[in-house]
Amino acid sequence: MSITTLNPENKKAIIKLLYQLADDDFLYAYRGSEWLGLAPHIEEDVASSSIAQDSMGHAAMFYRLLEELGEGNADDLAHARQSHERKNCILVERVNGPGSYMENAQYDWAYAVVRNYLYTTAKKVKIQSLKQSSYQPLADVAVKVDMELHYHLLHWKTWFIQLLSSTDEARARMKDAYVQVMNDFTDVFSFGKDAELIKVYNLIDTESVLKQKWIDTITPVLESVQLEIPETFDTGKLNGRNGDHTKDLQGALSILSEVYDMNPAVAW
Amino acid sequence: MTNETKTFYQEYEVFSKRTPTASFQHQFSLLAPNEEMAIVMAQENFMRREPVYDIWVVNRTNIRRLDQEEKQILNRLDNKEYRNTKGYGYLKKKWRHYEQKMFDEKEILSWGKEKSK
Amino acid sequence: MVNISSVVDESEKLEQFIQRIENGEKIEVDDWMPEEYRIALIKLISMHGISEIMGALPEKEWVPKAPSLQRKLGIMAKVQDEMGHGQLLLRVAEDLLKSYGKNRGDLMDDLFKGDLKFHNVFHMATKTWGDAGLIGWLVDGAAIITQTNMLNASYGPYARALHRICAEEVFHAQHGEAIIMALAEGTEVQKEMIQDALNRWWPALLMFFGPASSDTTGASKQDVTIKYKIRTKSNEELRQDFFTKYIPRILSLGLTIPDPTIHFDEEKQTWIYQQPDWNEFKQIIKNKGPRSQERLNLRRTSYENNAWVRDALAAVIN
């Protein structure tokens with residue numbers, strides 16, 4: 001399907017899905033970038049920085065698809081939209097920890113590793129599905145994103161497994177982080193109110209198919225470190241896909257649009 | 001390993017191949033607690049702006065170096081023309097006498113490029 | 001009792017060492033070297049490495065705030081490079097420190113104790129997006145001048161690291177220029193932003209090259225590093241190079257240098273300018289600059305809070 005042959009409902013479905021994908025990676029990359037200079041090891045700082053860059057690059061690709069569909073300029077879509085207009089999942093908007101990235105950052109590496117690993121595994125499942133999307137431009141982007149996910153997965157899985165297999169203290173911290181991340185997992189595979197619309201046009205697998213695929217891939221990994229998927233992982237109330245967000249998102253947005261807001265109309 | 005070597009900061013030398021046909025080149029060294037971590041660190045630390053086809057990491061403890069004393073084994077006399085083409089340059093004139101050209105390095109290595117008839 | 005033959009040995013070794021350097025040979029980590037050389041290298045290279053690590057922090061302040069996707073990506077890549085440069089340089093310093101039984105952990109401890117110095121510029125506050133541009137343009141510009149001067153350093157590992165670093169600095173320079181160009185060609189507000197940034201950063205830029213002589217601040221390492229061919233030019237020569245290369249560009253964009261006295265004296269073939277406050281410089285590099293403690297704290301807090309990570313993975317090494 002190319003842009004010219006889309007009927008209005010089909011186009012609407014694609015746009016709804018794209019906002020979710022773009023906002024997810026944009027916030028994920030934003031939170032990743034707050035860790036710059038603060039990682040527990042210098043070599044790790046350099047390596048994980050590439051992951052934040054790659055992910056922001058993915059967000060940029062999705063925003064550009066939206067631009068091609070007439071939604072406006074990619075930079076405006078990334079920077080100008082308010083909290084209630086954002087469609088990212090709750091998991092990626094959560095702060096890295098108390099404090100701000102410029103002052104007194106009390107960021108927890110266990111939380112970073114668990115969030116990054118589990119987000120990436122979920123992203124992988126979605127991207128694999130998107131490679132078969134009925135909307136060809138999106139399928140093409142998914143192929144590119146998938147190429148970079150190999151490294152992201154290896155990177156975070158290595159940290160995840162190693163920390164969970166090391167000392168009692170590390171394990172305890174990782175388990176706490178795991179509970180915290182799982183509490184926010186409800187809307188990761190959700191498409192919110194737009195689920196039916198998106199399903200009709202074969203853009204991506206359904207929520208339940210994606211969720212099951214994820215459970216199938218992640219279970220052996222979790223078992224190898226004696227963890228289980230909690231029963232309540234998808235029963236939370238807040239759904240970012242419907243524009244319901246926490247104040248953490250507001251905090252992020254006010255920083256990331258600080259300079260942009262000075263004059264959205266000019267070139268920087 | 002003794003307790004002193006149980007440090008998070010193990011030293012790993014990184015090697016990489018740019019292309020499938022290139023040989024491994026030494027890059028720089030990085031610190032990591034184990035080889036899995038070293039592999040995960042290597043590409044983005046040293047090769048983020050160039051094509052990479054393959055990577056090796058080697059813990060420095062697995063490298064046998066030469067100490068200053070031992071480096072003396074690397075010295076040798078410059079009297080070995082018998083095993084270089086330098087020692088056989090006189091043949092050129094001889095072959096010319098027989099109206100034949102000299103099969104030197106340039107000539108012989110060009111044979112690999114010749115196509116079948 | 002002094003062992004006469006070892007004294008003769010030492011002075012003979014020193015002579016051979018100087019001869020090697022004069023011949024343009026590279027010294028490698030396991031080669032014999034005078035203590036003075038080793039110590040000078042350790043000080044210079046650790047300071048350089050730590051400056052990169054600490055320098056990432058003021059720049060990183062602008063990553064989340066950068067006003068477009070392209071600029072966010074550009075600064076992220078630049079900050080990554082700074083950390084990467086720090087990594088390369090600290091590795092060089094660490095290999096030299098092995099003979100003192102010190103490693104990365106000790107270097108980090110020294111940094112947080114305040115024992116390690118880093119360049120004055122990274123102690124300064126950043127106020128606006130104009131600062132992000134200015135840092136990429138002129139602070140990196142100053143760093144390029146000092147670094148290219150050491151590309152032929154006598155110490156092999158340092159020279160090799162610098163080659164890679166300088167290649168990446170080219171992208172940094174252009175990234176900084178791209179930000180500045182957009183502002184210089186933009187609205188009145190944007191143009192004022194760069195002028196304001198330049199006004200605030202000018203003294204720090206001058207100080208970056210270090211005092212002209214030890215008379216100014218009571219200390220100067222430049223003599224040792226020049227003697228051993230780690231660098232070829234003096235602090236003042238490098239500062240003069242900076243003026244020659246950058247003042248025409250700065251003026252071409254319609255900016256004013258916040259030093260009304262600065263001019264090139266044709267007769268003396270040198271730039272005449274107002275000295276920055278060298279007392280302020282002394283305070284800054286003692287970690288008493290505007291943002292010194294905050295940035296050290298930021299790093300120290302994260303490093304200490306996440307010590308469990310390093311401890312955990314070290315504990316299971318078999």
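# Notebook: chains A, B and C

**Entry 1: where C meets B.** I started with polar contacts, and between chain C and chain B I count 13 residue pairs, both partners at pLDDT 80 or more. A reminder to myself: this is a predicted model.

Next I looked up which parts of chain C make up the side that touches chain B. Helices α3 (69-97), α4 (104-113), α6 (156-184) and α13 (307-315) of chain C each supply at least two residues to that side. The biggest giver is α3(C), with eight residues. Sorted by class, this side of chain C has 12 charged, nine nonpolar and six polar residues.

Then I took the extent of the contact. On chain C, 27 residues are in contact, and they meet 25 residues of chain B. About 2200 Å² is buried between the two chains, and carbon and sulfur atoms give 47% of that. I also wanted to know which residues of chain C lose the most area to chain B. They are Arg91(C), Arg164(C) and Ile317(C), which together make up 27% of what the chain C side buries.

How many salt bridges cross between chain C and chain B? I get nine by the rule. One pair I looked at by name is Glu168(C) with Arg49(B), where the closest N and O atoms are 2.9 Å apart.

**Entry 2: where A meets C.** On to the other interface. Here 55 residues of chain A and 49 residues of chain C take part in the contact. The buried area comes to about 4400 Å², with 67% of it on carbon and sulfur atoms. On the chain A side, Ile42(A), Met102(A) and Trp268(A) lose the most area to chain C, together 18% of what that side buries.

For salt bridges across this interface, the rule finds two. I checked Arg104(C) with Glu43(A), and their closest N and O atoms are 2.9 Å apart. Polar contacts between chain A and chain C come to 20 residue pairs, again with both residues at pLDDT 80 or more.

Which helices of chain A each bring at least two residues to the side that touches chain C? I noted α1 (8-34), α2 (42-68), α3 (74-79), α5 (109-130), α6 (136-164), α7 (168-183) and α10 (247-256). The largest share comes from α2(A), with 12 residues. By class, I find 31 nonpolar, 15 polar and nine charged residues on this side of chain A.

**Entry 3: chain A by itself.** The C-alpha trace spans about 60 × 45 × 35 Å along its principal axes. For its 268 residues, a compact globule would have a radius of gyration near 18 Å, and chain A agrees because its value is 18 Å. I also see that 60% of the residues of chain A count as buried. Among contacts in chain A between residues at least 6 apart in sequence, 76% join residues at least 24 apart.

**Entry 4: salt bridges within chains.** Over all chains, the structure holds 47 salt bridges. I picked one from each chain.

In chain B, Arg60(B) forms a salt bridge with Glu11(B), with 3.5 Å between the closest N and O atoms. Arg60(B) lies in the loop between β3 (54-59) and α2 (91-97), while Glu11(B) lies in strand β1 (residues 10-17), and the two are 49 residues apart. Both Arg60(B) and Glu11(B) are buried.

In chain C, Glu35(C) pairs with Arg38(C), the closest N and O atoms being 3.9 Å apart. These two are about one helical turn from each other, because they are three residues apart in helix α2 (residues 35-60) of chain C. Glu35(C) is partly exposed, with a relative accessible area of 43%. Arg38(C) has 13% relative accessibility, so I list Arg38(C) as buried.

Definitions and conventions: Residues are numbered from 1 along each chain as its sequence is written. Chains are lettered from A and ligands numbered from 1 in the order in which they are written. This is a predicted model: local features need pLDDT of at least 70, side-chain atom pairs count only at pLDDT 80 or more; totals for chains, interfaces and linings use all residues. Side-chain values use heavy atoms; hydrogens and water are left out. Contact means heavy atoms within 4.5 Å. Buried area is the accessible area (1.4 Å probe) that two parts lose on being put together, summed over both. A salt bridge is a side-chain nitrogen of Lys or Arg within 4 Å of a carboxyl oxygen of Asp or Glu. A polar contact is a pair of N or O atoms within 3.5 Å; within protein, one must be able to donate a hydrogen and the other to accept it, and residues adjacent in sequence count only if both atoms are side-chain atoms. Helices (H or I, at least four residues) and strands (E, at least two) are DSSP runs, numbered from the N terminus. Ala, Val, Leu, Ile, Met, Phe, Trp, Tyr, Cys and Pro count as nonpolar, Asp, Glu, Lys and Arg as charged, and the others, Gly among them, as polar. The radius of gyration is taken over C-alpha atoms; the globule rule is 2.2 Å times the number of residues to the power 0.38. Buried means under 20% relative accessible area, exposed over 50%, partly exposed in between (1.4 Å probe, protein chains only).
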